[in-house]
There are 2 protein chains.
Amino acid sequence: MYIPTYDDVLAAHERIKPHIRRTPVLRSHYLNELTGADLYFKCESLQEPGAFKVRGASNAVFGLDEAQAKAGVATHSSGNHASCLSYAAMLRGIPCNVVMPRTAPQAKKDTVRRYGGKITECEPSTSSREATFAQVQAATGGDFVHPYNDPRVISGQATCSKEMIEDLGELDAVIAPIGGGGMVSGCCLTLSNIAPNTLIYAAEPEQADDAYRSFKAGHIIADDAPETIADGLKVPLKDLTWHFVSSHVTDILTASEQEIVDAMKITWKQLRIVMEPSSAVPLATILKNRATFAGKRVGVIITGGNVDLDTLPWQKS
Amino acid sequence: MYIPTYDDVLAAHERIKPHIRRTPVLRSHYLNELTGADLYFKCESLQEPGAFKVRGASNAVFGLDEAQAKAGVATHSSGNHASCLSYAAMLRGIPCNVVMPRTAPQAKKDTVRRYGGKITECEPSTSSREATFAQVQAATGGDFVHPYNDPRVISGQATCSKEMIEDLGELDAVIAPIGGGGMVSGCCLTLSNIAPNTLIYAAEPEQADDAYRSFKAGHIIADDAPETIADGLKVPLKDLTWHFVSSHVTDILTASEQEIVDAMKITWKQLRIVMEPSSAVPLATILKNRATFAGKRVGVIITGGNVDLDTLPWQKS
């Protein structure tokens with residue numbers, strides 16, 4: 001297992017700068033009053049494909065040598081990683097093969113195809129996904145870019161907190177949602193090197209709290225198919241992300257489904273950004289752990305903005 | 001009638017820079033493909049109070065001398081100008097009195113009050129509004145800041161296109177929605193001075209096309225209470241904005257209600273910003289006037305993001 005270093009982050013940032021957006025940081029008097037904290041929202045939802053995952057994906061795609069680039073990249077994902085990898089591959093003009101369950105939402109398949117990604121469908125089970133992916137990789141020779149357990153991906157995600165520190169100076173804390181742990185690992189990698197006094201918090205849905213339980217237990221606990229509105233946060237930690245999370249995270253905080261929906265709606269209203277449920281988990285945990293954050297300068301990472309605009313969660317209830 | 005000059009814009013920008021956000025510019029491969037143009041979306045919806053009107057309001061508020069500042073400012077408005085003027089007055093710590101019809105949405109009243117504005121309600125008629133406003137102004141001595149027909153306001157709005165040219169270089173065209181004409185006048189003032197080859201388009205709802213008809217007739221035509229989903233665009237041109245619009249605008253283009261809603265939804269989805277219907281009118285007109293914009297670098301001003309998240313227009317139909 002290769003553990004990326006801060007030199008890898010510096011190289012990643014130089015590599016991907018022409019292909020990603022240096023996302024804006026938004027603030028709100030109202031949300032500051034509500035939480036008692038001084039919040040800096042880093043809007044990765046405003047990346048062109050709508051998620052921070054374009055950072056890691058671009059680092060992998062643009063780091064390939066010419067020979068490997070010809071065969072392109074491959075992954076299995078039904079979420080933002082699939083569309084961001086397709087987007088990065090489109091920018092470089094190389095093939096991208098994605099294995100997706102046939103049950104994945106049509107909108108997500110459409111996005112991958114719009115960016116030129118080629119989808120091979122599998123059954124919605126781990127065994128079918130792995131077998132199908134092995135076939136696709138054998139047939140195409142595409143380089144496997146894992147959604148998070150890949151040093152190139154973590155180095156890419158780490159450029160987000162690097163921009164925050166460059167733009168905002170030192171922060172008392174940074175908080176990001178945790179699913180597989182790619183973004184949080186990137187924060188650990190960057191902040192432990194350039195802002196070692198900044199506390200690192202991870203935020204997770206109560207209904208998919210495997211990282212929380214792993215953190216308390218001291219070893220990886222993986223759940224089978226948790227159910228939460230925060231659909232980007234259902235996947236488990238893996239060895240590389242566990243390395244960073246267990247070494248550098250201060251605490252993992254959780255929020256209920258209703259708290260997530262409430263935080264999502266208030267963010268849409270106050271910051272006027274379209275944000276997916278996963279991205280609302282940090283604010284939800286800040287609101288219920290006021291004493292932890294009050295009086296502090298806190299960076300909050302808004303990880304993505306891909307939602308179905310026809311069915312918003314506060315309208316279903 | 002004092003007609004502001006570009007020196008006023010330079011002074012305004014220096015004055016308001018500490019109090020406004022230099023808003024980000026977003027782009028989308030998808031929207032570029034759809035329109036054939038190269039679109040640069042200037043997101044004034046990401047100003048803290050959610051609208052470009054914070055520029056003109058801040059210029060008026062921070063330009064007051066100490067004596068006048070003590071008495072504060074006053075206006076009549078049921079929209080973004082009222083909340084932006086309250087916001088700017090709060091930043092300076094001076095009183096802000098707003099006359100609003102008692103029938104104005106509760107959410108808009110709440111926003112004005114959150115920023116410390118004091119509301120005096122009137123009946124929803126011009127005569128009641130004018131009588132009530134005269135009383136409020138006599139009682140408070142507050143300086144009247146008109147929503148758009150005020151040289152300080154136009155100079156402030158003009159800083160938006162100044163930032164665009166500074167950040168993007170010369171553009172082939174800039175397009176903004178037109179209601180009373182404050183933002184479009186600001187574009188005229190700036191672009192005619194620093195980018196005289198940039199064409200200036202205004203976009204208006206078909207159902208509130210008084211500026212379009214004024215432009216074609218060569219004199220101001222004012223409608224009584226037009227009905228459109230683009231609630232920010234119902235007000236008529238006045239002498240100062242007519243001066244700029246009639247002198248510098250290339251053309252005024254219109255869009256139907258359905259075209260506005262469609263453009264609004266596609267922008268939320270592709271740019272992942274919460275944008276009010278008024279702000280969707282420019283993209284709606286670009287989509288139906290493809291030949292006018294194809295192949296051109298076009299700045300599109302997203303004027304505001306204050307909407308009711310519980311009743312989105314594409315869900316009502």
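User: How do you know what rotation superposes chain A on chain B?

Analyst: This is a predicted model, in which local features need pLDDT of at least 70, side-chain atom pairs count only at pLDDT 80 or more, and totals for chains, interfaces and linings use all residues. Residues are numbered from 1 along each chain as its sequence is written, while chains are lettered from A and ligands numbered from 1 in the order in which they are written. Superposition is by least squares on the C-alpha atoms of residues with pLDDT of at least 70 in both copies. For chain A on chain B it gives a rotation of 180°, a shift of 0.0 Å along the axis and an RMSD of 0.0 Å. The two copies are therefore related as by a two-fold rotation axis.

User: Which residue of chain A comes closest to the rotation axis?

Analyst: A:I273 does, with its C-alpha at 2.2 Å.

User: What makes up the contact between chain A and chain B?

Analyst: Two residues are in contact if their C-beta atoms, placed from the backbone, lie within 7 Å. By that test, 20 residues come from chain A and 20 residues from chain B. On the chain A side, α2 (29–35) and α12 (257–271) each give two or more residues. Helices here are DSSP runs of H or I with at least four residues, strands are runs of E with at least two, and both are numbered from the N terminus. α12(A) gives the most, with three residues. By class, this side has eight nonpolar, six polar and six charged residues. Ala, Val, Leu, Ile, Met, Phe, Trp, Tyr, Cys and Pro count as nonpolar, Asp, Glu, Lys and Arg as charged, and the others, Gly among them, as polar. The same surface serves both copies: 100% of the contact residues of chain A recur in chain B.

User: Why is A:R272 called buried?

Analyst: A residue is buried if 20 or more other C-beta atoms lie within 10 Å of its own, exposed if 12 or fewer, and partly exposed in between, with C-beta atoms placed from the backbone. A:R272 has 26 within 10 Å, so it is buried. The residue sits in the loop between α12 and α13 (277–288) of chain A.

User: Why is chain A called as compact as a globular protein of its length?

Analyst: Chain A has 15 helices and 10 strands. Its radius of gyration is 18 Å, close to the 20 Å that the globule rule gives for 317 residues, so the description holds. The radius is taken over C-alpha atoms, and the rule is 2.2 Å times the number of residues to the power 0.38. Buried residues make up 56% of the chain.

User: What makes up the largest nonpolar core?

Analyst: A nonpolar core is a set of buried Ala, Val, Leu, Ile, Met, Phe, Trp, Tyr and Cys residues joined through C-beta atoms within 7 Å. The largest has 194 residues. Those with the most contacts inside it are A:A202, A:I260, B:A202 and B:I260. Among the residues that B:I260 touches are B:P205, B:I229 and B:V281, not counting residues up to four places away in sequence.

User: How is chain A divided into domains?

Analyst: The bounds come from an automatic or database domain assignment. Domain 1 is 6–53 + 150–316, and domain 2 is 54–144. Their centres, over C-alpha atoms, are 24 Å apart. In contact are 26 residues of domain 1 and 18 residues of domain 2. On the domain 1 side, α8(A) gives the most, with eight residues.
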